[in-house]
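Subject: Structure for your review

Dear colleague,

I am handing over the structure below, and I would be grateful if you could look through it alongside the notes that follow.

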Amino acid sequence: APIGHNKDDVIVPLYPVYTHQQMFKKSFEFGYDYEDVDGNGKSSDDEKKVEPISLGDCPKESSAVHAEMQLCGLLLSLLPVWQLLLGD
């Protein structure tokens, strides 16, 4: 596990400091259990290879959106000049 996620690491920003092991309990200590999960949190499905899923390609930006963004950028860049010209 990454630093800070192990059972003996302290939880920040709690003071006085507590470890994860002191603050959290296993599910069976509360009276419920999961099917096919051992004491280490592993199940029979954990050993199987998982194929990555594809989320597809990012949508292409249309030219109309690009033109609108250029117009917004132009208007925002002219705003300080406009304030200087009309300011007291």
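In what follows, two residues are in contact when they have heavy atoms within 4.5 Å. With that in mind, and bearing in mind that this is a predicted model, T19 is in contact with K7, D8, D9, V10 and I11, once its neighbours within four places in sequence are left aside. T19 lies in the segment before α1, and because its relative accessible area is 16%, under the 20% that sets the limit for burial, it counts as buried. Across the chain, buried residues make up 5% of the 88 residues.

V10, which is among the contacts of T19, also belongs to a nonpolar patch on the surface that it forms with V12, Y15 and V17, and these residues together have about 490 Å² of accessible area. V12 is likewise found in the segment before α1 (20-23), but V12 counts as exposed because its relative accessibility is 69%, and exposed means over 50%.

As for secondary structure, the chain has two helices and zero strands. Helix α2, covering residues 63-86, has 24 residues and reaches 34 Å from its first C-alpha to its last, which is close to the 34 Å expected at 1.5 Å a residue. Along its course, α2 bends by about 30 degrees at L79, and a proline, P80, follows within four residues.

Note on methods:
Residues numbered from 1 in each chain as written. Predicted model: local features only at pLDDT ≥ 70, side-chain atom pairs only at ≥ 80, totals over all residues. Heavy atoms only, no water. Patch = residues over 30% accessible without salt bridge, like charges linked within 9 Å, V, L, I, M, F, W, Y side chains within 5 Å. Areas by Shrake-Rupley, 256 points an atom, 1.4 Å probe, with all protein chains shown as cover. Salt bridge = Lys/Arg side-chain N within 4 Å of Asp/Glu carboxyl O. Buried < 20%, exposed > 50% of the residue type's maximum accessible area, 1.4 Å probe, protein only. Expected span 1.5 Å × (residues − 1). Bend = angle between axes of the 7 residues up to and from the residue.
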